[in-house]
Amino acid sequence: MSLGDRLRQRRQEMGFTRPQLAAKICVTPSAIANYENGISTPKPDILISLINVLEVDANYIYSDYLGHSQANNIYNQDLNAEEMDSIQKYKKLSEEGKRLVRLIINEEYARTITKSQLTLPCYLPGVRKLHTGFLMQTKLGSAHIMQKDLPDGTDFCFQIQVDQYLPVFRKFDILALQRKQAHHNEMGLFCLNGIYYIRTLFQEKGECRLRSLNVIEEDILVKKTDEFHCIGTILGQVNAVLET
């Protein structure tokens with residue numbers, strides 16, 4: 001059984017959906033799908049998180065994996081001799097010994113994550129409107145993000161909850177935004193006559209349009225009489241755990 005098959009099997013046994021598992025280890029649902037389908041392989045730090053969240057013995061994950069040439073290449077690049085030695089020793093421990101090691105790792109990992117995380121407000125879309133528009137929920141969520149993954153200048157976040165922004169963003173992606181006016185050809189969160197949009201701002205020859213991120217929706221012409229303002233400029237997609 002491949003690594004991907006083992007991950008899928010254990011995820012289903014635990015009753016997790018891909019988005020639920022992704023949120024617990026700070027990756028995207030598409031990353032989980034790639035792991036399970038063999039498109040990509042998780043790096044060692046992600047593997048440790050998977051072991052902890054899925055509550056499995058390391059042998060369960062590493063079986064048929066350490067011997068694989070692709071996995072060996074990853075480990076040779078990312079793990080030093082001491083770390084490789086620790087993994088091999090772990091595999092030889094008794095079940096009680098492995099449980100104690102996991103307990104220590106879990107506690108230290110949780111402490112480290114807590115110290116290196118930031119929490120930002122996260123806006124959530126509500127009722128859908130025409131042309132990928134939406135109303136905003138009054139209740140904000142909280143996005144927990146590793147400091148190293150946060151773009152400079154981030155003020156707040158927004159979660160995508162539909163697939164209408166493909167191929168730029170996917171469902172459940174969390175975006176980092178800065179409270180500043182978007183410029184020509186920049187993506188942002190906009191409010192037009194009380195309706196919110198995630199679109200690209202196009203300004204040319206005195207004309208202002210909101211361009212869709214997909215090829216299906218038409219541009220929206222912003223008239224001078226419209227109530228229009230930019231809530232924030234999109235800095236990029238981030239790995240975050242959303243709490244609502």
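Because the model is predicted, local features were considered at pLDDT of at least 70 and side-chain atom pairs only at pLDDT 80 or more, whereas totals for chains, interfaces and linings use all residues. Residues are numbered from 1 along each chain as its sequence is written, and side-chain values rest on heavy atoms, with hydrogens and water left out.

The protein contains 8 helices and 12 strands, these being DSSP runs numbered from the N terminus (helices, H or I, at least four residues; strands, E, at least two). Of its 244 residues, 42% count as buried, a class defined by under 20% relative accessible area, with exposed meaning over 50% and partly exposed in between (1.4 Å probe, protein chains only). The protein exposes about 13,500 Å², of which carbon and sulfur atoms supply 50%; accessible areas come from the Shrake-Rupley method with a 1.4 Å probe, and for residues only the protein chains shown count as cover. Among contacts (heavy atoms within 4.5 Å) between residues at least 6 apart in sequence, 58% join residues at least 24 apart.

In helix H2 (residues 18-25), the residues Leu-21, Ala-22 and Ile-25 are buried. They lie on the same side of H2, because they cover an arc of only 100° around the axis, the arc being that of the directions from the helix axis to the C-beta atoms. The buried residues of H2 pack against helix H1 (3-14), helix H3 (29-36) and helix H4 (44-54). Just after H2, Cys-26 takes a positive phi of about 60°. Helix H4 is itself mostly covered, with 9 of its 11 residues buried, including Pro-44, Ile-46, Leu-47 and Leu-54. Glu-55, which follows H4, likewise has a positive phi, near 55°.

On the surface, Ile-48, Ile-105 and Tyr-109 form a nonpolar patch with about 230 Å² of accessible area together. Patches are made of residues with over 30% relative accessible area and no salt bridge, like charges being joined within 9 Å and nonpolar side chains (Val, Leu, Ile, Met, Phe, Trp, Tyr) within 5 Å; a salt bridge is a side-chain nitrogen of Lys or Arg within 4 Å of a carboxyl oxygen of Asp or Glu. Tyr-109 is placed in helix H8 (residues 95-115) and counts as partly exposed because its relative accessibility is 35%.

The structure holds 0 disulfides (pairs of cysteine sulfur atoms within 2.5 Å). Cys-191 counts as buried at 8% relative accessibility, and Cys-208 counts as buried at 13%.
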